[in-house]
Amino acid sequence: MSENGMLKVNEAGHLVIAGCDAVLLAHKYGTPLYVYDEGFIRERCREYIAEFGRRYPSVEIAYAGKAALTTGLARLMAQEGMGLDVASAGELYTALQADFPPDRIKLHGNYKSNLEYRMALEAGVGRVVVDSLIEMRQLDGWARKFGSVAHILIRVRPGIDTHTHELIQTGQVDSKFGLGIYGGEARRAIEMATDCEGLRLRGVHCHIGSQLLETDAFERAIDQMVDFIADMRDELGFECEDLDLGGGLGIRYTERDAPPTVAELAEAICPRLTRALQRRGLSQPRLILEPGRSIVGEAGITIYTVGVVKEIPDLRTYVSVDGGMSDNPRPALYDAEYEAVVANRAEEPPTQWVRVVGKHCEADTLIEEAHIAQAEPGDLLAVFGTGAYNQAMASNYNRFPRPAVVLCRDGRDELLVERESLADLTAHDRIPQHLAMAEADERTRAAQG
Ligand code: LLP
């Protein structure tokens, strides 16, 4: 086995992930195939818990399930002592189906449905992160109806611009999320919460953006949040038990990305937070973080089969693979960049720049400029760093069945999600009665001549 950075290659020249031969995985499960390295995910969870735990007295690390959630992944997170963020009835259902401890679940969302309120209260989720005054009234109403109390955090919009793709910025002033510090909405929410019998205000939350490759935005968020907490203590007697700083740590998609390590993030956040709290004479609330991408992103790869290789003379070579924007919409949505390797000849050095495209009926570019070895039809192409927001955002566009998801550890592989079948695609389709009737009428008319 040889190792070159992230790339592990066995004697057969095949890419290896978590001790599993990528070529054998492709033969066993078919392609496209999502593959996760279980050890990597567990390691990241432990790193977060240890690095923050070592620098701050009370910490909860809650995995943001939106990055990738299946019942198996929820189990894994529970085993690692993680909390879990869910942002929909579906994510909450998945967590509950996996017996994830409800008191470690946090429900998010800028628009929570009645079903979501009911499910959260029935299950007894640990925290509901309230995103608007309307929601606060609704949740209070539901809690009182249930004779229960919802423990809430108020999502605050600190007004911070981040250096990330505009579609994944969330902390800036002009955002649909949270209650603004400026303009006094967040203050009103805190005032209102104390009057709601069905609610118990536990703290505040913010999330400033995703795929952040620097720590400065977190530092600015800390200062603003601590000032806000202190002002609210002074003005309203607010006691903040939980301070949730959201997720956002970026990952390495290509060799140009150099994200901070978890330890560096902890070093940027914890001492600064402690100092800011001291400066305002506040005791230390529990610190909550909600990483998604940085837990699972680099733990995942997608394996495709190369179908067509088309060379446009003097222009470029297109390498078509058997998936595309249905299994990874990120390049189309965010101009996301990826790197790939020919998995069945992973020891071969890259010799060409090609455009990797999917098989959907549009440009469907997966990698604009991929530096890979000579690729032929039938080769397998592995794309790195697809563990976050790929399977989670997959669709059935062009009626593609969604790929299987496999979890690998120490050379053993097991399914997390079965591949969808063609039959699955029509399982929920119905032919409206009048269309069927029209055909019957037509037949009758024809028969009557
Ligand atoms: N907490 C909240 C409230 C969030 O909205 C998010 C992500 C996270 C935590 C986790 O952030 P992370 O650690 O994964 O950056 N689909 C986009 C990413 C959208 C992120 C939305 N919120 C993408 O593929 O890049």
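In helix α4 (residues 89–97), the buried residues are Ala89, Glu91, Leu92, Thr94 and Ala95; buried denotes a relative accessible area under 20%, exposed over 50% and partly exposed in between, with a 1.4 Å probe and protein chains only. The cover over these buried residues of α4 includes α3 (71–79), β7 (83–86), β8 (105–107) and α5 (114–123), where contact is taken as heavy atoms within 4.5 Å. Just after α4, Asp99 adopts a positive phi of about 55 degrees. Helices (H or I, at least four residues) and strands (E, at least two) are DSSP runs, numbered from the N terminus.

The model is predicted: local features need pLDDT of at least 70 and side-chain atom pairs count only at pLDDT 80 or more, while totals for chains, interfaces and linings use all residues. Residues are numbered from 1 along each chain as its sequence is written, and side-chain values use heavy atoms, with hydrogens and water left out.

The largest pocket has a volume of about 1000 Å³. Of the 40 residues that line this pocket, Tyr338, Glu339, Ala340, His371 and Phe384 are the closest to its centre. A pocket is an open set of points on a 1 Å grid over the protein atoms alone, with protein on both sides within 12 Å along at least five of seven lines; a cavity is a set where a 1.4 Å probe fits but cannot get out, and lining residues have an atom within 4 Å of a point. Grid points are joined across faces, edges and corners, and a volume is the space filled by probe spheres set on the points.

At least two lining residues of the largest pocket come from each of β1 (2–4), β2 (7–9), α11 (330–334), β17 (340–342) and β19 (365–372). Strand β19 supplies the largest share, eight residues. By residue class, the lining of the largest pocket comprises 21 nonpolar, seven polar and twelve charged residues; Ala, Val, Leu, Ile, Met, Phe, Trp, Tyr, Cys and Pro count as nonpolar, Asp, Glu, Lys and Arg as charged, and the others, Gly among them, as polar.

The structure holds one cavity of 30 Å³ or more, and the largest cavity has a volume of about 40 Å³. Its lining includes Tyr48, Phe218, Leu265 and Glu290, and divides into six nonpolar, four polar and one charged residue.

The disulfide count is zero, a disulfide being a pair of cysteine sulfur atoms within 2.5 Å. The sulfur of Cys270 lies 14 Å from the closest cysteine sulfur, that of Cys206, too far for a bond. Cys270 is buried, at 0% relative accessible area, whereas Cys361 is exposed at 63% relative accessibility.
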